[in-house]
Amino acid sequence: MEILRKIDERGRFINIPVDKYKRMYVIQNHQLNTVRAFHRHNREGLLLYCLKGVWKVIYYPITTDNPQPIEKVISEGEYVEIPAPAGNGHINLTEGAILLCFADLSLEEVREEEVKEKWDLFGEEIWKIQPK
């Protein structure tokens with residue numbers, strides 16, 4: 001998918017093709033470092049787009065008995081696509097961070113198939129940022 005981003009003296013323009021998505025929602029946490037995890041979906045695919053700030057996104061394909069987490073840190077203008085079947089979670093690494101989410105299932109459809117997992121499914125250390 002191609003997301004068009006343009007910045008000029010007037011400001012910022014972002015065009016996200018949404019033809020394959022049924023709904024859009026926004027996530028913004030009240031406190032810094034708030035973990036929202038984990039949610040597993042057998043049929044729902046997602047696109048998570050960082051509108052503001054920095055997010056750590058962790059997702060795991062559930063095509064095997066031993067799913068391995070994939071970690072991505074995204075900042076303004078970056079995104080992660082999570083194809084189904086997969087589980088996911090995220091944490092805001094900056095105050096005021098905004099995550100724009102696109103889902104290819106309706107809210108009613110996702111409620112039928114979503115499975116909630118523990119936030120520390122892969123251990124609590126996964127949510128920490130390691131110095132490099």
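How do the residues of the lining of the largest pocket divide into nonpolar, polar and charged?

**Basis of the report**

This is a predicted model, in which local features need pLDDT of at least 70, side-chain atom pairs count only at pLDDT 80 or more, and totals for chains, interfaces and linings use all residues. Residues are numbered from 1 along each chain as its sequence is written, and side-chain values use heavy atoms, with hydrogens and water left out.

**The largest pocket**

The lining divides into five nonpolar, four polar and six charged residues. Here Asp, Glu, Lys and Arg count as charged, Ala, Val, Leu, Ile, Met, Phe, Trp, Tyr, Cys and Pro as nonpolar, and the others, Gly among them, as polar.

Of the 15 lining residues, Tyr25, Ile27, His39, His41 and Glu114 lie nearest the centre of the pocket. Two or more lining residues come from each of β3, β4 (35–41), β9 (86–92) and α1 (107–113). Helices (H or I, at least four residues) and strands (E, at least two) are DSSP runs, numbered from the N terminus.

**The open sheet**

Four strands, in the order β3-β10-β5-β8, make up an open sheet with antiparallel pairing; two strands pair if DSSP finds at least two bridges between them. β3 (23–27) and β8 (79–82) are at the edges and have a single partner strand each, so one side of each lacks a neighbour in the sheet.

Five bridges link β3 to β10 (residues 98–103) in the antiparallel sense. Val26 is opposite Leu100 in β10.

**The hairpin**

A hairpin of two residues joins β1 to β2. Strands β1 (residues 4–8) and β2 (residues 11–15) are antiparallel and share five bridges, and Leu4 has Asn15 in β2 as its bridge partner.

Key
On a 1 Å grid over the protein atoms alone, a cavity is a set of points where a 1.4 Å probe fits but cannot get out, and a pocket is an open set with protein on both sides within 12 Å along at least five of seven lines; lining residues have an atom within 4 Å of a point.
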